[in-house]
Amino acid sequence: MTPEIRRARTAFWWVGVILPLGLIALSSIVVVAWLPDVPDPAAIHWGLDGADGFGPRWMPLALLIGVGGGTVILFAFIALFSHRLPQRGAAAAVPQPQRSATARLLGAVNLGTAGMMSLLAIASTAAQRGLADAADAADITPWVPVFLVVMAGLGAAGWFLQPSVPLSPESTGATATPLPLADHDRAVWIKTVTIARSGRVVLGISVFVTIAMSVLLLARGVAGGWIVAGVSLILVILMATGLSFRVRASDAGLRVRSVAGWPRLEIAADEIASARAVQVNPFAEFGGWGYRFGVDGRRGIVLREGDAVEVTRTNGRVFVVTVDDAATAASVLAAAARR
């Protein structure tokens with residue numbers, strides 16, 4: 001581990017883990033101390049006409065610890081340990097970047113989220129102290145801009161408090177040599193790629209957390225539960241359609257299609273300027289798994305670490321798809337482009 005990476009990881013621990021969890025812990029102590037003075041049921045939602053949603057008085061505390069603390073822990077796990085998860089194939093022999101702009105962003109998001117959730121829990125609890133009926137609670141809607149400003153301000157501070165560590169270009173490779181074919185020969189190369197275990201773990205945890213939160217909120221009659229349920233449904237659809245893709249390289253060009261039928265992408269042979277095999281790190285270079293946009297302007301379907309086919313189009317755009325035996329696929333595409 002280089003000194004630059006060590007400094008970045010230390011800064012992340014303070015900005016993205018210790019300070020956010022400290023804020024949540026301190027605000028939780030304040031809320032617990034005030035709970036005996038809060039009516040039960042308590043106001044847990046405010047509309048244009050004041051308090052319009054009610055639930056157990058411990059709900060703000062549960063949301064603070066569950067959503068706020070859970071988000072901090074989940075993002076910290078992704079940022080700190082994604083590069084340590086076991087790799088397979090050629091990726092296992094490739095030195096893996098240990099920091100990225102994505103990790104820096106997650107640390108900043110953790111600090112901003114913790115600050116906003118802490119202030120929200122304290123404000124909503126303070127507005128009901130000493131009341132006999134939660135319906136008489138003061139409106140906290142005017143505080144919403146303050147919550148957003150605090151979140152944005154702490155997020156920006158969290159970003160600049162962490163040093164930038166440039167990503168070393170590990171994913172370089174020579175342009176593929178066209179596969180030698182006779183005039184009457186045709187080559188077809190087909191592989192199926194499935195999202196890596198690390199991606200399945202992160203996506204599974206995210207889906208489980210959102211589903212659990214939507215069930216909890218809907219069971220308590222909280223209006224916002226339907227929004228969380230909608231987000232859960234979108235995550236389930238994205239996960240179902242993005243777990244596995246069939247990659248086909250042929251005389252016609254490159255075709256990448258989800259085993260579910262959608263999404264799909266095709267690059268015709270006459271649109272291919274060059275093709276090559278590269279090594280890809282999903283988290284460091286693309287910020288995660290799935291259909292992604294890279295920090296360097298590339299886009300692609302990135303499902304795991306290691307071998308990938310990189311196609312440069314005639315218009316200059318670059319597309320990447322992670323798949324085993326990428327060198328052969330690149331040679332087939334190079335031959336198709338030459339023809």
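Among contacts in the protein chain between residues at least 6 apart in sequence, 67% join residues at least 24 apart. Contact here means heavy atoms within 4.5 Å. This is a predicted model, in which local features need pLDDT of at least 70, side-chain atom pairs count only at pLDDT 80 or more, and totals for chains, interfaces and linings use all residues. Residues are numbered from 1 along each chain as its sequence is written, and side-chain values use heavy atoms, with hydrogens and water left out.

The protein chain has eight helices and eleven strands. These are DSSP runs, numbered from the N terminus: helices are H or I with at least four residues, strands are E with at least two. The chain holds 339 residues, and 45% of them are buried. Buried means under 20% relative accessible area, exposed means over 50%, and partly exposed lies in between, with a 1.4 Å probe and protein chains only.

Start with the helices. Two packed helices are described by the angle between their axes and the distance between the axes. Axes are lines fitted to C-alpha atoms, for helices over the stretch in contact, and angles run from 0 to 180 degrees between N-to-C directions. Angles under 35 degrees count as roughly parallel, over 145 as roughly antiparallel, 65 to 115 as roughly perpendicular and the rest as oblique.

Helix α1 spans residues 3-34, and helix α2 spans residues 59-81. Their axes come within 10 Å and cross at roughly 170 degrees. The two helices are therefore roughly antiparallel to each other. On the α1 side, the residues that meet α2 include Phe-12, Trp-13, Gly-16 and Pro-20. On the α2 side, Val-72, Phe-75 and Ala-76 are among those that meet α1. The residues of this contact divide into 16 nonpolar, five polar and one charged. Here Ala, Val, Leu, Ile, Met, Phe, Trp, Tyr, Cys and Pro count as nonpolar, Asp, Glu, Lys and Arg as charged, and the others, Gly among them, as polar.

Helix α1 also packs with α3, at an angle of about 10 degrees and with the axes 8 Å apart. These two are therefore roughly parallel to each other. From α1, the contact includes Phe-12, Gly-16, Pro-20 and Trp-34. From α3, it includes Leu-106, Asn-110 and Ala-126. By class, the contact of α1 with α3 has 16 nonpolar, seven polar and no charged residues.

What does Asn-110 touch? Asn-110 is found in α3, which covers residues 101-126. At 0% relative accessibility, Asn-110 counts as buried. Leaving out residues up to four places away in sequence, Asn-110 touches Gly-16, Pro-20, Thr-71, Val-72, Phe-75 and Ala-76.

Now turn to the rings. The structure holds two aromatic pairs. Rings of Phe, Tyr and Trp (its six-membered ring) pair if their centres lie within 6.5 Å; planes under 30 degrees apart count as stacked, over 60 as edge-to-face and the rest as tilted. Trp-143 and Phe-147 have ring centres 6.5 Å apart and planes at 25 degrees, so this pair is stacked. Trp-143 is partly exposed at 43% relative accessibility, whereas Phe-147 is buried at 5%.

Tyr-291 and Phe-293 have ring centres 5.9 Å apart and planes at 85 degrees, so this pair is edge-to-face. Tyr-291 is partly exposed at 41% relative accessibility. Phe-293 is exposed, with a relative accessible area of 57%. Tyr-291 sits in strand β8, residues 290-293. Beyond its neighbours within four places in sequence, Tyr-291 is in contact with Arg-299, Gly-300 and Ile-301. Tyr-291 and Val-302 are eleven residues apart in sequence and 6.3 Å apart in space, C-alpha to C-alpha.

A charge meets a ring elsewhere: the charged end of Arg-104 sits over the ring of Trp-159, 4.0 Å from its centre. A charge sits over a ring if NZ of Lys or CZ of Arg is within 6 Å of the ring centre and within 35 degrees of the ring normal.

Last comes the backbone. Most residues other than glycine have a negative phi, and most peptide bonds are trans. A cis peptide bond joins Asp-40 and Pro-41, with omega about 10 degrees. Pro-41 lies in the loop between α1 and β1 (42-47). The bond from Trp-262 to Pro-263 is cis, with omega near 5 degrees. Pro-263 lies in the loop between β5 (253-258) and β6 (264-268). Asp-325 has a positive phi, near 55 degrees. This residue is in the loop between β11 (318-322) and α8 (326-338). Asp-325 is partly exposed, with a relative accessible area of 34%.
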